[in-house]
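Trainee: I would like to go through the terms used for this structure. Please set each one against its cut-off.

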Amino acid sequence: MFDIKSKVLNATLAATFAIPLATAGMFTSAGSAQAAALTGDFSLAGLGAAELKQNSLTFLNPQTFIIPYATGTFGSFNSGSINNILSFGSPASAINPFLDLGAKDGFDIFNLTSASYTTEDAGNFVAVKVTTDGFFKSATGEITQGQGFFTFQKVGTKAAIDKDLADGKTVSGLTYSASYFATVPEPTTLLGLGAVGAVMAVSRRRKAQVTS
């Protein structure tokens with residue numbers, strides 16, 4: 001009986017030390033992951049015009065942009081290049097990487113996985129809003145979820161633009177602005193998951209020792 005109590009006490013003490021160590025490890029892991037990943041948000045400027053068809057979007061040369069505003073790890077970039085959307089939907093078809101913020105080496109990129117658009121009347125012009133979803137890949141290979149929004153403007157009416165698109169015509173001369181953001185799990189979320197995992201592991205160990 002004494003031996004069982006001793007094992008239980010040792011397991012309890014182990015739990016007391018294991019949880020702080022586990023949570024400290026989660027802080028380190030979360031911090032290093034976020035340091036390497038692409039996080040924050042940024043805007044695109046200096047873009048040329050674009051052409052929209054019912055199921056595709058083409059960016060005319062030059063297919064480059066500058067980044068006038070950025071937060072997080074995006075702050076280290078000041079320009080990039082953009083490719084075309086070949087078809088809308090989920091999944092979407094695009095020339096990936098859709099955005100390239102680096103040296104065109106397969107890193108610091110945004111790969112597009114789904115895209116959609118809507119048309120809205122905005123006074124004497126039409127606003128075409130394009131939503132793009134996908135993921136960023138950093139220079140160290142970290143993956144983060146991402147989303148971007150383009151707002152295109154075209155003089156005319158929504159009815160006329162919608163009809164042209166439905167008839168298979170190209171809506172050209174679109175000027176636009178855009179912004180993107182990326183997200184990763186919060187450190188507090190990772191910390192909570194780590195603490196729960198440590199408690200569950202110690203609980204299983206305790207039950208095994210008491211049974212033996």
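Mentor: Start with pairing: two strands pair if DSSP finds at least two bridges between them. Strands are DSSP runs of E with at least two residues, helices are runs of H or I with at least four, and both are numbered from the N terminus. This is a predicted model, where local features need pLDDT of at least 70, side-chain atom pairs count only at pLDDT 80 or more, and totals for chains, interfaces and linings use all residues. Residues are numbered from 1 along each chain as its sequence is written, and side-chain values use heavy atoms, with hydrogens and water left out.

Trainee: What is the bridge partner of D121 in β10?

Mentor: V126 is the partner of D121.

Trainee: What makes β8 and β9 a pair?

Mentor: Strand β8 (residues 99–100) and strand β9 (residues 109–122) are joined by 2 bridges. The cut-off is at least two, so they pair. They run antiparallel. L99 has F110 in β9 as its bridge partner.

Trainee: Why is F150 called buried?

Mentor: Buried means under 20% relative accessible area; exposed is over 50%, and partly exposed lies in between (1.4 Å probe, protein chains only). F150 has 1%, so F150 is buried. This residue sits in strand β11 (residues 143–155).

Trainee: Why does S87 count as buried?

Mentor: The relative accessibility of S87 is 18%. That is under 20%, so S87 is buried. S87 belongs to strand β6 (residues 85–87).

Trainee: Which residues does S87 touch, beyond those up to four places away in sequence?

Mentor: N55, A92 and S93. Contact means heavy atoms within 4.5 Å.

Trainee: Which residues have the most contacts inside the largest nonpolar core?

Mentor: F98, F150 and F152, in a core of 37 residues. β12 supplies the largest share, 6 residues.

Trainee: What makes a set of residues a nonpolar core?

Mentor: The members are buried Ala, Val, Leu, Ile, Met, Phe, Trp, Tyr and Cys residues, joined through side-chain atoms within 4.5 Å. In soluble globular proteins, nonpolar side chains tend to be buried together.
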